Structure formats: structure tokens, C-alpha cells
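Dear colleague,

I am handing over the structure that follows, and below it I have set out what was found. Please read the notes with the model open beside you.

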Amino acid sequence: MGRPSTSVAVELTQMRYESNTFAGTGGARATEAMHALASYEPDQEPTVARLLEQALTAVETDLATTRACVARVAALLDREETHAETAATAARRRVGAGLAPWQARRVASHVEENLGFAITIDHLATIAGLSSSYFCRAFKDSFGDPPHAYIMRRRVERAQTLMLQTREPLSQIALACGLSDQAHLCNLFRRLVGQSPSHWRRSQWQEA
């Protein structure tokens, strides 16, 4: 059995008082209405319009029934309002799941300008004005990758650009892209591109 809402509980208390205070038909009707309200199941509840119609019909002759109808209307409206608020909150969360446009621009710009240096998740979160945990979720929703994976991919893409535009050795290119050494570049490059950087560089030069 569902528990009555706060407004319904108030009505029940008032009805108990009426049933104990007033004798005769009025008290009996109040007690009967109180028990009917307390034992009501949500899926048996009439519509708001039907309840209001009953309340208007009984307003001049049966105060207890009128009060019971009003209480049930209040309970129904409370549940509908709660449901609407829950749905609205879920919709807002879905819409606002990723970073705001200004946050995404600032974060992406910082990454691009600092690929040759250490980039921490905490600092990116600070730039976006978010906690680190929320930032990681929002970042993935906006960019499709977690922050670390995105940064590594941009380092490799920067390395590809340098390999095509310069004749710098891979060891220097690795450092310029914020990687620890050539081995780090080679391992990351193979994982993301599918071949070694030296092989990829030769193939690109030959095609050019």
C-alpha cells in the first residue's frame, strides 16, 4: 500500500480530529472518508476532474467527503509535479552532459598550445571550472575520448605533421610533442596509427 503524501497526512489528522469531536452522521462520514483515503491504492485513484466534481457535489452537505476529495487531488498533483521535476532534471542532465562550448574551446586551445609540455587533467579541469571527476565525464561526451587518450592522439597527430614538414630525427620530434623519448613515440604511434613512425614517414615521402 502506498503511503499518503504530507498534504494527505495533514488531512487524515484533521479528519481524525473531526471524527472524534463530532458525533452523529457527520462524525461517521468523516471516519468513513478517512479510512477510504488511508486505504486508497495509487492505481485506483480517479482523475483530478472526477475528484473535484465529487468535492463540488458534496461541499454543502458533506464536509468530510469534500475534504477527502481535496486531499486526494493534492496527493495526485504532488506526484505529478514530482514526476515532472524528475523528467525535467533528467532532460537537463542529458542536454548538459558535455562541456559548454566556451569550456571546450578553452580546453582544446590549452592542449594545442602545450603539446610539448606536461598536461594534467587537474589543470584542464581548473580551466573549465569543474571538478576533475565531472570534467573527465563531460570531456568524453564532448570530444569522444577521455582527456588522456585525446591528448595522446593529438601528440601523435602533431608528430605526423612534424615528420612531414621537417627532417628532424624522431627523438627530437618525440620531445617536441611532449613524449619522453623516441621509444615512447614509437609505441604510441604503432598503437594509434598501426605502423612505426619511420615506416609511415617513408611511405608519406614516397607518395609525395
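Leaving aside its neighbours within four places in sequence, Asp145 is in contact (heavy atoms within 4.5 Å) with Phe139, Lys140, Tyr150 and Arg153. Asp145 has its place in the loop between H7 and H8, where helices (H or I, at least four residues) and strands (E, at least two) are DSSP runs, numbered from the N terminus. With a relative accessibility of 23%, Asp145 counts as partly exposed; buried means under 20% relative accessible area, exposed over 50%, and partly exposed in between, for a 1.4 Å probe and protein chains only.

Before going further, please keep in mind that this is a predicted model, in which local features need pLDDT of at least 70 and side-chain atom pairs count only at pLDDT 80 or more, while totals for chains, interfaces and linings use all residues. Residues are numbered from 1 along each chain as its sequence is written, and side-chain values use heavy atoms, with hydrogens and water left out.

As for the protein as a whole, there are 11 helices and zero strands, and buried residues make up 32% of its 208 residues. Among contacts between residues at least 6 apart in sequence, 61% join residues at least 24 apart.

A pair of aromatic rings is described by the distance of the centres and the angle of the planes. Rings of Phe, Tyr and Trp (its six-membered ring) pair if their centres lie within 6.5 Å, and planes under 30 degrees apart count as stacked, over 60 as edge-to-face and the rest as tilted. By this rule the count comes to five aromatic pairs. One of them is stacked, namely Phe139 with Phe143, at 4.3 Å centre to centre and with 20° between the planes. Both residues lie in helix H7 (residues 132-143), four residues apart, which is about one turn of the helix. Phe139 counts as buried, at 1% relative accessibility, whereas Phe143, at 22%, counts as partly exposed.

Phe139 also pairs with Tyr150: the ring centres are 5.3 Å apart and the planes stand at 75°, so this pair is edge-to-face. The pair links distant parts of the chain, since Phe139 is in helix H7 and Tyr150 in helix H8 (residues 147-165), 11 residues apart. Tyr150 is buried, as is Phe139. Together, Phe135, Phe139, Phe143 and Tyr150 form one aromatic cluster.

Turning to the packing of helices, the axes of H6 (residues 121-128) and H7 come within 9 Å and cross at roughly 85°, the axes being lines fitted to C-alpha atoms, for helices over the stretch in contact, with angles that run from 0 to 180 degrees between N-to-C directions. H6 is therefore roughly perpendicular to H7, a term for angles of 65 to 115 degrees, while those under 35 count as roughly parallel, over 145 as roughly antiparallel and the rest as oblique. On the H6 side the contact is made by Ile121, Asp122, Leu124, Ala125 and Ala128, and on the H7 side by Ser132, Phe135 and Cys136.

Leu124 of helix H6 is buried, with a relative accessible area of 1%. Not counting residues up to four places away in sequence, Leu124 touches Val107, His110, Val111, Ile119, Phe135 and Ile151.
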